[in-house]
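Take a look at the chain shown here. Follow its side chains as you read.

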Amino acid sequence: RNRRPHDRVRREEPSGIDEGELACARCGKPLGEIHLLLVRHRGPHRIRDDFCSLEHLVEWAKAGGRWG
């Protein structure tokens, strides 16, 4: 399959994706080693949100996400 350049998988993530506190975006609970990570790609930028459970991710999304 021929792929356009922007369809190719990047081997390295931009710096900053792993920086910052690990806390649930819905309830604010500090997160441990096991959690859900949602990363949205906006051109060269990566927007990260972490969650303590799938239920919190769904509630967060239904409430409008970051802008809800």
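This report covers charged pairs, a histidine, the cysteines and a pair of rings.

This is a predicted model, in which local features need pLDDT of at least 70, side-chain atom pairs count only at pLDDT 80 or more, and totals for chains, interfaces and linings use all residues. Residues are numbered from 1 along each chain as its sequence is written, and side-chain values use heavy atoms, with hydrogens and water left out.

**Salt bridges**

Start with the charges. A salt bridge is a side-chain nitrogen of Lys or Arg within 4 Å of a carboxyl oxygen of Asp or Glu. The search of the whole structure finds four of them.

| Salt bridge | N to O distance |
|---|---|
| Arg26 and Glu59 | 3.3 Å |
| Arg40 and Asp49 | 2.8 Å |
| Asp49 and Arg66 | 2.9 Å |

Take Arg26 and Glu59, which form a salt bridge. This pair links distant parts of the chain, 33 residues apart. Arg26 sits in the segment before strand S1 (36-42), and Glu59 sits in helix H1 (residues 54-62). Helices (H or I, at least four residues) and strands (E, at least two) are DSSP runs, numbered from the N terminus.

Arg26 is partly exposed because its relative accessibility is 40%. Glu59 is partly exposed too, at 37%.

Now turn to Asp49, which meets Arg66 in a salt bridge. Asp49 lies in strand S2 (residues 45-51) and Arg66 lies in the segment after H1, so this pair ties together parts that are 17 residues apart in sequence. Arg40, Asp49 and Arg66 are linked in a network of salt bridges. Asp49 is buried, at 7% relative accessible area. Arg40 is buried as well, at 15%. Arg66 is partly exposed, at 44%.

**A histidine and its contacts**

Which residues does His56 touch, not counting residues up to four places away in sequence? Its contacts (heavy atoms within 4.5 Å) are Cys24, Arg26, Cys27 and Phe51. His56 is found in helix H1. His56 counts as buried because its relative accessibility is 18%.

**Cysteines**

How many disulfides are there? A disulfide is a pair of cysteine sulfur atoms within 2.5 Å. By this rule the count is zero. Cys27 is in no disulfide, and the nearest cysteine sulfur, that of Cys24, is 3.8 Å away. Cys27 is partly exposed, at 43% relative accessibility. Cys52 is partly exposed, with a relative accessible area of 26%.

**Aromatic rings**

Rings of Phe, Tyr and Trp (its six-membered ring) pair if their centres lie within 6.5 Å; planes under 30 degrees apart count as stacked, over 60 as edge-to-face, and the rest as tilted. The whole structure holds one aromatic pair. Phe51 and Trp60 form this pair, with 5.0 Å from centre to centre. Their planes stand at 65°, and the pair is edge-to-face. Both Phe51 and Trp60 are buried.

Key:
Buried means under 20% relative accessible area, exposed over 50%, partly exposed in between (1.4 Å probe, protein chains only).
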